[in-house]
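Welcome! Please take a moment to look over the sequence and the model, and then we can walk through them together.

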Amino acid sequence: MPKAFPTSFNMVLFAIISFLVFSISIETSSSSSSLCSWTTSFPCPWTTSLPPELLTLDIANRFHTDKTAIESASIDFGKLVRLNPAAVLNPSSVQDIVNLVEFSYNSPIPFSIAAKGRGHSVRGQAMAKNGVVVEMEALKHHNNEIGIRVLGNPKLGFYADVGGGHLWIDILLATLGHGLAPVSWTDYLFLSIGGTLSNAGISGQSFRFGPQISNVYEMDIITGKGELVTCSKRVNSDLFYAVLGGLGQFGIITRARIALQKAPNRVKWIRMLYEDFSSFTRDQEHLISIDGPDYVEGSLIMNQSPPNNWRSSFFSPSDQSRISSLLTKHTIIYCLEVVKYYDYVDNLTNINTTDEGVEALLKGLSFLPGFFFKKEESFVGFLNRVRSGELELQAKGKWDVPHPWLNLFVPTSRIMDFNAGVFVDILSKQSNNTGPILVYPLNRNKWDERTSAVIPAEEEEETFYTIGVLGSSEEVDMKILENQNKEILEFCEKAGIGAKQYFPHYTTKKDWMNHFGSRWGTFLQRKAQYDPRMILSPGQRIFTSI
Ligand code: FAD
């Protein structure tokens, strides 16, 4: 259990330790390569900063230092950063990770440790230069470890206890067998529980249920001191909230208890087109304020961002040609996407799921007449819609390319300015393919401000927007996309938009302080309490420069 030192004492201790760690690591960085030669009793597989004594632990044979292991932990989905760890640990139990973290915490010179889910970060966030990357998915292959257990009690209803290295697709498939499913999703399901809970985990269901971090009842965490702690809203609640959206800074999630609800079998899936941004956002905001839709998102269609892309192939060839002719009249078309679940396993929850019922939900919306598209899909097919696009790109060798993605949260009061400055002025004037561009609102009251996740500061606004500019350098030079991101961020800064980065990436302390705003003090204090030697997730570059 973390001990509760007075905050001021903690902060002073933290500052002293930070200084010492920094000084010692500078001093030893040139001599660290000789660490292994201190002893001849162990054949030492690493040539960098890890102490050879690590090999005395009984996890020694779960370390991998071969080229393949190091290579795969030194790169991520973004392909923009490359940092080699000294070793990769494929844990066979939670205790293996406890032993590793405890060892580092008690070492004279601690080494860094990054839990890695799927490595679907885009800026090296799950990397640990010269440290140890823990492949969380390895735990899945050990029977004695937490698998996926579907349980329930009268107080919480149904829930799943899931290992931190499992993927959301794993939970979906396991829970559907019980007629259940999690309530809050990401657009893509091959992401890890620990990875999305360290950020927020958002998709079209978040307006209604909140992000994935709002739908967790309990977690087991290994803190930066190597303590294994169970936490929830009631027990060790500060650690619970710190870890949710905590960018991996306070502990490694080894188990999460995820809320479930009854799963439908099928969905009605609708897209509507707009040429006017203000009608589009008005309708989106209306839809997230009513009780009815199960999913609301939106995206841009431009010559540079075609209607069908790897995120989903929704439109038929004839729809696509109608949309192309619309694009000769408008440079940007806004596409509103709504889904209604139906055909529940129990057959009791099927209220308003006829076509007429769904269309009634959309009454009064101002989409372009005739540009209303509807299809039906299985629940699994809908939730897993990005997978087929991924497999297609993989087959063409176009998935493993650089992805300089930019994700932002924008205050609703400034979304019109954002449209004018970014969508119209910057993105639609590019002649290059910009990839999918997402824009949809979220309800602020579904986010818990005690978590570490950062959203726009405008507390009086009930909603804010999420924006995703998801380009890949499959067709466009990476530098063009990087410059475009820079231009967008500079515009937001200059216009005082008050946007916050989702999956934040900064290189200076000032920028991090600015990102957290008034919550920076709490973030620091939590770091001092749960990871005082700054061991965990160094790839976020908040407390370390690498
Ligand atoms: P990693 O990249 O491996 O890790 C991310 C961070 O979490 C790192 O700092 C890591 O050290 C830390 N971490 C990982 N596991 C743990 C753990 N068990 N305990 C503590 N810390 C841990 N996000 C959305 O919110 N919505 C979307 O719709 C969405 N769609 C996406 C679609 C695609 C195709 C891709 C590639 C990503 C998408 N994402 C989306 C982004 C995704 O949420 C992030 O990449 C996130 O980091 C999860 O990826 P991961 O599981 O691979 O985590």
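Helices and strands are DSSP runs (H or I with at least four residues for helices, E with at least two for strands), numbered from the N terminus. This is a predicted model, in which local features need pLDDT of at least 70 and side-chain atom pairs count only at pLDDT 80 or more, while totals for chains, interfaces and linings use all residues. Residues are numbered from 1 along each chain as its sequence is written, and side-chain values use heavy atoms, with hydrogens and water left out.

Let us begin with the whole chain. It has 16 helices and 18 strands. Of its 546 residues, 58% are buried; here buried means under 20% relative accessible area, exposed means over 50%, and partly exposed lies in between (1.4 Å probe, protein chains only). A contact means heavy atoms within 4.5 Å. Among the contacts with a separation of 6 or more, 75% are between residues 24 or more positions apart.

Now find Leu-247, in the loop between α7 (237–243) and β10 (251–262). Its relative accessibility is 5%, so Leu-247 counts as buried. The phi angle of Leu-247 is near 55°, a positive value in a residue other than glycine. Asp-343 also has a positive phi without being glycine, near 60°. Asp-343 belongs to strand β13 (residues 333–344) and is partly exposed, at a relative accessible area of 27%.

Next comes Ser-452, which sits in the loop between β16 (437–443) and β17 (463–469). Is Ser-452 buried or exposed? With a relative accessible area of 4%, Ser-452 is buried. Setting aside neighbours within four places in sequence, Ser-452 is in contact with residues including Tyr-241, Ala-242, Phe-250, Phe-516, Phe-523 and Arg-526. The side chain of Ser-452 reaches the backbone oxygen of Ala-242 at 2.6 Å. There is also a polar contact, at 3.5 Å, between the side chains of Ser-452 and Arg-526; such a contact is a pair of N or O atoms within 3.5 Å, where within protein one must be able to donate a hydrogen and the other to accept it, and residues adjacent in sequence count only if both atoms are side-chain atoms. Ser-452 and Arg-526 are 74 residues apart along the chain, with their C-alpha atoms separated by 9.7 Å.

Arg-526 leads us to helix α16. Of the 11 residues in α16 (residues 520–530), 9 are buried, so this helix is largely enclosed by the rest of the structure. Arg-526 is one of those buried residues, and Trp-520, Phe-523 and Tyr-530 are also among them.

Two further polar residues are worth a visit. Lys-268 lies in strand β11 (residues 264–274) and is buried, with a relative accessible area of 7%. What does the side chain of Lys-268 make a polar contact with? The partner is the side chain of Glu-376, at 3.0 Å. Asn-308, in the loop between β12 (295–301) and α9 (317–327), counts as buried at 17% relative accessibility. The side chain of Asn-308 reaches the backbone nitrogen of Phe-314 at 3.1 Å. Apart from residues up to four places away in sequence, Asn-308 touches Ser-313, Phe-314, Phe-315 and Gln-320.

Our last stop is the packing of helices. The axes of α13 (residues 415–427) and α14 (residues 478–495) come within 11 Å and cross at roughly 155°. Axes are lines fitted to C-alpha atoms, for helices over the stretch in contact, and angles run from 0 to 180 degrees between N-to-C directions.

Phe-277, Ser-278 and Thr-281 of α8 make the contact with Ile-415, Met-416, Asn-419 and Phe-423 of α13.
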